[in-house]
Amino acid sequence: MKRVSTAIVLLFSVLAMSNTSYSLDDIPIPDGPYLGQTPPGAIPEVFAPGIVNREESTDLEGMFGSDMNTFYFVREGEEYAGVVKVGAFKGDKVSYGLAVIEYKNNKWQQSVVAKAASEPSISPDGNTILFKNGYIERTSDGWSKMKSLAEPLASIEIMRSAISANGTIYFDTYNRALDIPLRYSRLINGKYEAPKSLGPQFGIGRYNAHPYIAPDESYIVFDSVRDAGHGSSDLYISFRRGDGSWGPAVNLGDKINTDASEKNPSVSPDGKFLFFDRRTKRGNADVTIYWVDAQIIETLRPK
């Protein structure tokens, strides 16, 4: 995998210069950043209903790309179906994949980025998308075919991995006991080191999963089921201390977490909004992508 650059490009100009609304599959999309949606405040709101979060499809795991003109999300449907090609889940037949809505050639367009793929996370420079044990890279023609992460990560049953600006990969691990804490692996001289635990605070509860890592590794957001939570999986955050260790895992609170299941966090590249899934039923039977003002992160950051 190519070393990830630290650049995060924020391009709103194309959207700001236009006064015309375009359509995607006959669904009007307003102009402006964030697919033309009115930004939320401190209370989470459904993101872009009818564009994503459609009644006729299951949409989940949404996140913006680095240019803020691309919104990626997992969608279930026949056109996304396929067989998992890499990792511990290789050979599984699934009916979902990664879709993107992007502003291209002066209009909004939707396309399939990768079939049979889920739990995506995007590198800060927007040139790599991770999926469990695999990844794709941006090419002059679009995206590469799915590639496998190198060992020691290739054979670990990763549910979701995330990558920082300097190439360090943070990830969860599936096992029957669901008791393995979040871990990380640094890229050293072009190779990934043996994984290390982030600390005991990342192994509390029934599971700790789906990490989002800040590009500068100053904080990590993840979901976990804990006795002190709000009923099911909640979102937690931990901040990195000056000595490199991680602080306690802090629940994001009852404005974010409910008795439903909150999972798959990501923060928009401009740092302004937190995205996550909320499930009211087991599996993907009833899942919705929400967003909320990311000021909650600064509120919880140690002074």
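## Briefing on a predicted protein model

Residues 2–23 keep a pLDDT under 50, and the model has 57 contacts beyond four places in sequence for them. Here pLDDT is the predictor's confidence in each residue, from 0 to 100, and contact means heavy atoms within 4.5 Å. Where pLDDT is low, the predicted coordinates should not be read in detail. Over the protein, pLDDT averages 89, and 90% of the residues score at least 70.

This is a predicted model, in which local features need pLDDT of at least 70 and side-chain atom pairs count only at pLDDT 80 or more, while totals for chains, interfaces and linings use all residues. Residues are numbered from 1 along each chain as its sequence is written, and side-chain values use heavy atoms, with hydrogens and water left out.

**Aromatic rings**

- Rings of Phe, Tyr and Trp (its six-membered ring) pair if their centres lie within 6.5 Å; planes under 30 degrees apart count as stacked, over 60 as edge-to-face and the rest as tilted. By this rule there are 22 aromatic pairs.
- Phe-47 and Trp-291 form an edge-to-face pair, because their ring centres are 4.9 Å apart and their planes stand at 80°. This pair links distant parts of the chain, 244 residues apart: Phe-47 is in the loop between β3 (45–46) and β4 (59–64), and Trp-291 is in strand β27 (residues 287–293). Strands (E, at least two residues) are DSSP runs, numbered from the N terminus.
- Phe-47 and Trp-291 are both buried, where buried means under 20% relative accessible area, exposed over 50% and partly exposed in between (1.4 Å probe, protein chains only).
- The rings of Phe-71 and Phe-73 have centres 6.0 Å apart and planes at 25°, so this pair is stacked. Both residues, Phe-71 and Phe-73, are buried.
- Ring pairs join a cluster that includes Tyr-34, Phe-64, Phe-273 and Phe-275.

**Charges over rings**

- A charge sits over a ring if NZ of Lys or CZ of Arg is within 6 Å of the ring centre and within 35 degrees of the ring normal.
- Lys-132 has its charged end over the ring of Phe-89, 4.8 Å from the centre.
- Arg-226 lies over the face of Tyr-236, 4.7 Å from the ring centre.

- Two strands pair if DSSP finds at least two bridges between them. Strand β25 (residues 261–267) runs antiparallel to β26 and is joined to it by five bridges, with Ser-266 and Phe-275 as bridge partners.
- β26 also pairs with β27 in the antiparallel sense, over seven bridges. Phe-276 has Tyr-290 in β27 as its bridge partner.

**Thr-70**

- Thr-70 is in strand β5 (residues 70–76) and is buried, with a relative accessible area of 6%.
- The side chains of Thr-70 and Asp-67 are joined by a polar contact of 2.9 Å. A polar contact is a pair of N or O atoms within 3.5 Å; within protein, one must be able to donate a hydrogen and the other to accept it, and residues adjacent in sequence count only if both atoms are side-chain atoms.
- Leaving aside neighbours within four places in sequence, Thr-70 is in contact with residues including Met-63, Phe-64 and Val-100.

Note on methods: Helices (H or I, at least four residues) and strands (E, at least two) are DSSP runs, numbered from the N terminus.
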